[in-house]
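Let's take a walk through the charged pairs of this model. Have the chain open beside you as we go.

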Amino acid sequence: AREVANADTSYEKLRTRSDEISVTNRVENEIPPVEVLDHATTPGDPVRPRKLMLLGIALLAGLTLGSLFAVVVDLRDLRIRSVADLERALSGFGLPTLGQLPLLPADPALGVGNVRAQRRRRDLYTHMFPQSLMAERVRSIRTALTFVTSSERSLALLVTSPTSAEGKSSTAMNLALSYCQARKRVCLVDADMRRPRLHQVFPQAVGKEDFGLATVLAGEHPIDEVLQRDLEGAPKELTVLTCGRIPEHPAELLESPACRKLIADLRERFDVIVIDSPPALPVTDPLILAPQVDGVVVVARCRSTTRSDIQMALTQLRQGDTNLLGVILNEHDSRSEGRRYTSDYYTYRPHEPAAQAE
């Protein structure tokens, strides 16, 4: 019985294996392995990557990041870039914006690299081109100063700036030239006895290079020997007092009684006295001169002076007995104003004759 059972089991295994081999051979030889239901077609567009969707996502992400970056840069940029920025910086001081002076392009005729000639052209621009936008803006500043100052006696103005290279000397010269156009007797004084610049525009006579404000305050020369009149390229109403020899202790000279006596003497001789002083933040000279004059005008340079600098300078000037008149925004790009009447009517070129204009 056991042998019969074993024989049956072996037979079943052999039969099962034989059936599997038979089916396998029949499938490989007679029946195809795959039945084609539908032939594949070539797609017209790639499935991946989805370029339009990725481009849209990248564009949206770029605009978002760019906007955030622009906002961050704008918030971190504390420079005064417009009259509105300057007015916001002055809101806590109650001071007006006296005006803005335009950014003058370089004159190709003088040579772009000729820095001294270009600077002299800007310094005398109001006199050289009295019908230009620059001259008109200076006249508007002169008018604004007339409203905030008393006209009972001669006017003594101090022009300063928060830091250096902001155009205070050029502004002082153009303001003095504007007063000359109003037929005022004007004295322009270079009180910057650390880095004077007025002598570069109006040099002293040969042999008198050291004559100036410093030597007058030191008692070395009388006032009549250092005053420059009938200057070349300047109106006859203008008189200039340059710095002269740079002293070792300029602050002590400006604080001396000789300085007060000199200003009083100049008041008797001239209608307007414009004093070009050093910057207010690096040195104390403007704080010493401020109580001796009728008013102080602060010059801020567009896209250079920061709001913190102008506020610190005004805070320091207000510590003493100082009459702050206002702030002038220098080198303001008039093209940012859009197409306005003043931008179209006035030009940077000299005034054309009436016949040619017609």
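Start with Arg185, which counts as partly exposed because its relative accessibility is 42% (buried means under 20% relative accessible area, exposed over 50%, partly exposed in between, with a 1.4 Å probe and protein chains only). Its partner in a salt bridge is Asp271, with 3.1 Å between the closest N and O atoms; by salt bridge we mean a side-chain nitrogen of Lys or Arg within 4 Å of a carboxyl oxygen of Asp or Glu. This pair ties together distant parts of the chain, 86 residues apart: Arg185 sits in the loop between helix H7 (168–181) and strand E3 (186–190), and Asp271 in the loop between helix H12 (257–269) and strand E5 (272–276). Helices (H or I, at least four residues) and strands (E, at least two) are DSSP runs, numbered from the N terminus. Asp271 is partly exposed too, at 26%.

A quick word on ground rules. The model is predicted, so local features need pLDDT of at least 70 and side-chain atom pairs count only at pLDDT 80 or more, while totals for chains, interfaces and linings use all residues. Residues are numbered from 1 along each chain as its sequence is written, and side-chain values use heavy atoms, with hydrogens and water left out.

How many salt bridges does the structure hold? The count is 18. Here are three of them:

| Arg | Asp | Closest N and O atoms |
|---|---|---|
| Arg81 | Asp74 | 2.9 Å |
| Arg185 | Asp271 | 3.1 Å |
| Arg269 | Asp224 | 2.7 Å |

Arg269 is partly exposed at 24%, and so is Asp224 at 48%.

As for Arg81 and Asp74, both belong to a salt-bridge network that also takes in Asp77, Arg79, Asp85 and Arg88. Arg81 is partly exposed at 25%, and Asp74 is partly exposed at 39%.

Now for an Asp in another setting. Asp123, in helix H4 (residues 115–123), is buried, with 1% relative accessibility. Leaving aside residues up to four places away in sequence, Asp123 touches Ser170, Met173, Asn174, Leu177, Arg197 and Val201 (contact means heavy atoms within 4.5 Å).

Finally, confidence: mean pLDDT (the predictor's confidence in each residue, from 0 to 100) is 87, and 90% of residues reach 70 or more. Over residues 341–358, though, pLDDT is below 50, and this stretch has 25 contacts beyond near neighbours in sequence. Where pLDDT is low, the predicted coordinates should not be read in detail.
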